[in-house]
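Subject: Structure for you to look at

Hello,

Here is the structure I promised to pass on. Please open it alongside this note; my findings follow below.

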Amino acid sequence: MERSPIKDVEIKVLLKRALTDRLHDREMYMQGIDISYEYEGYNTFKTEHL
């Protein structure tokens with residue numbers, strides 16, 4: 001098995017910046033659903049209107 005040339009510290013720093021501490025925030029959760037659907041090409045409805 002070969003060792004990765006990427007340092008795991010760099011990956012941890014990138015992931016830490018991308019994560020949120022707003023785990024129980026409904027608005028953040030719904031925004032994630034909207035973004036996911038937009039990525040797939042669906043943008044008829046927004047979760048805030050449901």
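This is a predicted model: local features need pLDDT of at least 70, side-chain atom pairs count only at pLDDT 80 or more; totals for chains, interfaces and linings use all residues.

Aspartate 25 is partly exposed, with a relative accessible area of 23%.

Aspartate 25 turns up in two contacts. Its side chain forms a salt bridge with that of arginine 22, at 2.4 Å from N to O. Arginine 22 is partly exposed too, at 38% relative accessible area. The other contact sits at the start of helix α2. There, a side-chain oxygen of aspartate 25 comes to within 3.2 Å of the backbone nitrogen of glutamate 27.

Salt bridges

How many salt bridges does a search of the whole structure find? The count is 3. As background, side chains of opposite charge can pair when their charged atoms come close. One of the bridges is the aspartate 25 and arginine 22 pair described above.

Another joins the side chains of lysine 12 and aspartate 8, at 3.8 Å from N to O. The cut-off for a salt bridge is 4 Å, so this pair counts. Both residues belong to helix α1, which covers residues 8-18. They are 4 residues apart, or about one turn of the helix. Aspartate 8 is partly exposed, at 45%.

Glutamate 38 and lysine 46 make a salt bridge as well, with their side chains at 2.6 Å from N to O. Glutamate 38 has a relative accessible area of 41%, which means it is partly exposed. Lysine 46 is also partly exposed, at 33%.

Helix α2

Helix α2 runs over residues 26-40, which makes 15 residues. From first C-alpha to last it reaches 22 Å. At 1.5 Å a residue, 21 Å would be expected, so the span is close to that value. Arginine 26 is placed in this helix. It counts as exposed, at 60% relative accessibility. The C-alpha atoms of arginine 26 and leucine 50 are separated by 13 Å. Along the chain, these two residues are 24 residues apart. After α2 comes glycine 41, whose phi is positive, near 100°.

The chain as a whole

Which secondary structure does the protein chain have? It comes to 2 helices and 0 strands. The radius of gyration is 17 Å, well over the 10 Å that the globule rule gives for 50 residues, so the chain is more spread out than a compact globule. Along the principal axes, the C-alpha atoms fill a box of roughly 50 × 25 × 15 Å. Of the 50 residues, 6% count as buried.

Surface

The protein chain exposes about 5600 Å². Carbon and sulfur atoms supply 57% of that area. On the surface, Ile6, Ile11, Leu15 and Leu19 form a nonpolar patch. Together they have about 400 Å² of accessible area. Where does leucine 19 lie? It is in the loop between α1 and α2. Leucine 19 has a relative accessible area of 64%; the limit for exposed is over 50%, so it counts as exposed.

Best wishes

Key: Residues are numbered from 1 along each chain as its sequence is written. Side-chain values use heavy atoms; hydrogens and water are left out. Buried means under 20% relative accessible area, exposed over 50%, partly exposed in between (1.4 Å probe, protein chains only). A polar contact is a pair of N or O atoms within 3.5 Å; within protein, one must be able to donate a hydrogen and the other to accept it, and residues adjacent in sequence count only if both atoms are side-chain atoms. The radius of gyration is taken over C-alpha atoms; the globule rule is 2.2 Å times the number of residues to the power 0.38. Accessible areas come from the Shrake-Rupley method with a 1.4 Å probe; for residues, only the protein chains shown count as cover. Patches are made of residues with over 30% relative accessible area and no salt bridge: like charges are joined within 9 Å, nonpolar side chains (Val, Leu, Ile, Met, Phe, Trp, Tyr) within 5 Å.
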